[in-house]
Amino acid sequence: MSTAADKNAASSSSNANAAFPRSLAQLLQRAKLENYHTVFTQKGYGSMVGLLFMEEYALESLRQNTNLKTGHLARLRRKVLEFRIQLLENPVLAFRVYLEQAK
C-alpha cells in the first residue's frame with residue numbers, strides 16, 4: 001500500500017524528469033539561448049552532459065569560442081546550476097541521464 005508521501009515523492013520525481021532537458025537544444029531553450037545551438041554544435045559543444053559538467057575555465061573558453069555574450073553566459077551558468085541540483089537531488093534521474101548519454 002502506498003502512502004501520500006510515496007505518491008508525492010513519485011510525483012516530484014516524474015516532474016523533475018519532465019523538467020530536465022534531454023538534449024542540448026532543450027537545455028538552451030530553457031535558458032532562452034536557443035539561438036546559440038548552431039554555433040555551439042559547430043564549435044564542438046554539442047553535448048548537453050558535457051555542458052552540464054564543464055569546469056569554469058571551459059565555460060570561459062566556450063564564451064570566447066562562440067561569442068557568447070557575458071550576460072548570456074551568466075544565464076547559462078544559472079540554468080546549468082539548476083539542472084546540476086536536480087541531478088544531485090534525484091539519483092534515479094542522474095542514472096537515467098547517464099544511461100541516455102552512454103548510448
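Biologist: Which exposed residues does helix 6 carry on the face turned away from its buried side?
Modeller: The model is predicted, with local features requiring pLDDT of at least 70 and side-chain atom pairs pLDDT 80 or more, whereas totals for chains, interfaces and linings use all residues. Residues are numbered from 1 along each chain as its sequence is written, and side-chain values use heavy atoms, without hydrogens or water. Exposed denotes over 50% relative accessible area, buried under 20%, and partly exposed the range between (1.4 Å probe, protein chains only). On the face of helix 6 away from the buried side, the exposed residues are Thr70, Arg78, Leu88 and Glu89.

Biologist: Within what arc do the buried residues of helix 6 fall?
Modeller: The buried residues of helix 6 are His72, Leu73, Leu76, Lys79, Val80, Phe83, Gln86 and Leu87. They line one face of the helix, because, viewed down its axis (directions taken from the axis to the C-beta atoms), they fall within an arc of 140 degrees.

Biologist: How far apart are the end C-alpha atoms of helix 6?
Modeller: Helix 6 covers residues 70–89, which is 20 residues.

Biologist: How many helices does the protein have?
Modeller: Helices are DSSP runs of H or I of at least four residues, and strands are E runs of at least two, numbered from the N terminus. The elements run α-α-α-α-α-α-α from that terminus. With zero strands, the count of helices is seven.

Biologist: What is the relative accessible area of Phe95?
Modeller: Phe95 lies in helix 7, residues 91–102. Phe95 is partly exposed, because its relative accessible area is 48%.

Key: Expected span 1.5 Å × (residues − 1).
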